[in-house]
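Here are my notes for a first look at this structure. Please keep the model open while reading them.

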Amino acid sequence: MSSELEISFRPDLDLTELMRQRAQSLQQRGQKRQDGERLLRPNETVYQLDFSKQSLKFSRWSVCLPDIARLTITATSQLWTPDLTNLMNRQLLEPAGVFWRGEKDQSVQFYEADSYEFGERIAELAKIRKVMYFLFAFGEGCNSETVSCSIIFTTDS
């Protein structure tokens, strides 16, 4: 028998601050980032998912956005260990999850195929990771306080 498991994305404020300090430090010293390094942009925050179970099957997304908003979620690969290395572009996974809500939209819109593939990829990585990190890029009309996001999996009980 299978049951649903909803896991909410949690902001990792310490890691976000650390990555912001890295970008600031380079700027202050007039240095350039490492070749291929991905610096955190001002509209981005690092989020994480903690997997309590490893055998998951992607079911659906649950994203709440304000009236007019855009959110892009990019996953990092299992090769990135934030306490040891800087984030590199090659460690960002595709496709990203893109969610938006326009002026006339009653509900959150998304690219269905990409979002489904993205969810399935997260479920696959959950088999080998207990924690996974994501970059949330907040676009027009939203920020970390106005967005709620989780992912729903099915799991065998």
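1. Strands β5 (residues 69-75) and β6 run antiparallel and are joined by five bridges. Two strands count as paired if DSSP finds at least two bridges between them. Strands here are DSSP runs of E with at least two residues, helices are runs of H or I with at least four, and both are numbered from the N terminus. In this pairing T72 stands opposite V98 of β6. R70 has W100 in β6 as its bridge partner.

2. A word on the source: this is a predicted model, where local features need pLDDT of at least 70 and side-chain atom pairs count only at pLDDT 80 or more, while totals for chains, interfaces and linings use all residues. Residues are numbered from 1 along each chain as its sequence is written, and side-chain values use heavy atoms, with hydrogens and water left out.

3. Strand β6 covers residues 97-101, and four of its five residues are buried. Buried means under 20% relative accessible area, exposed means over 50%, and partly exposed lies in between (1.4 Å probe, protein chains only). β6 also pairs with strand β7 (residues 109-110): two bridges join them, and they run antiparallel. Here W100 stands opposite Q109 of β7.

4. What is the order of the strands in the open sheet? It is β2-β3-β8-β5-β6-β7, six strands with antiparallel pairing. The edges are β2 (10-11) and β7, each of which pairs on one side only. Helix α1 (residues 13-29) packs on this sheet and touches β2, β3 (44-50) and β8 (131-138). The direction of α1 makes about 145° with that of β3. Helix α2 (residues 112-126) also packs on the sheet, touching β3, β5, β6, β7 and β8. Its direction makes about 155° with that of β8. Touching, or contact, means heavy atoms within 4.5 Å. Angles run from 0 to 180 degrees between N-to-C directions, with axes as lines fitted to C-alpha atoms, for helices over the stretch in contact.

5. Now α1 itself. Its 17 residues should span 24 Å at 1.5 Å a residue, and its end C-alpha atoms are 24 Å apart, which agrees. The expected span is 1.5 Å times one less than the number of residues. Which residues of α1 are buried? They are L15, T16, M19, A23 and L26. These residues lie on the same side of α1, because they cover an arc of only 110° around the axis. The arc is that of the directions from the helix axis to the C-beta atoms. The buried residues of α1 pack against β3 and β8. On the face turned away from the buried side sit the exposed residues L13, D14, Q28 and R29. G30 follows α1 and has a positive phi, near 70°.

6. Helix α2 has 15 residues and reaches 21 Å from first to last C-alpha, close to the 21 Å expected. Its buried residues include S115, F118, G119, I122, A123, L125 and A126. They cover an arc of only 165° around the axis, so they are on the same side of α2. D114 is also in α2. It is partly exposed, at 34% relative accessible area. D114 touches P95 and A96, not counting residues up to four places away in sequence.

7. Check R38, in the loop between α1 and β3. R38 counts as buried because its relative accessible area is 10%. Its side chain makes a polar contact with the side chain of E44 (2.7 Å). A polar contact is a pair of N or O atoms within 3.5 Å; within protein, one must be able to donate a hydrogen and the other to accept it, and residues adjacent in sequence count only if both atoms are side-chain atoms. Leaving aside residues up to four places away in sequence, R38 touches M19, E44, L87, M88, N89, L92 and L135.

8. R129 lies in the loop between α2 and β8. Is R129 buried or exposed? It is buried, at 17% relative accessibility. A polar atom of its side chain lies 3.4 Å from the backbone oxygen of V131.

9. Finally, F134 belongs to strand β8. It is buried, with a relative accessible area of 0%. Beyond neighbours within four places in sequence, its contacts include F9, Y47, I73, F118 and I122.
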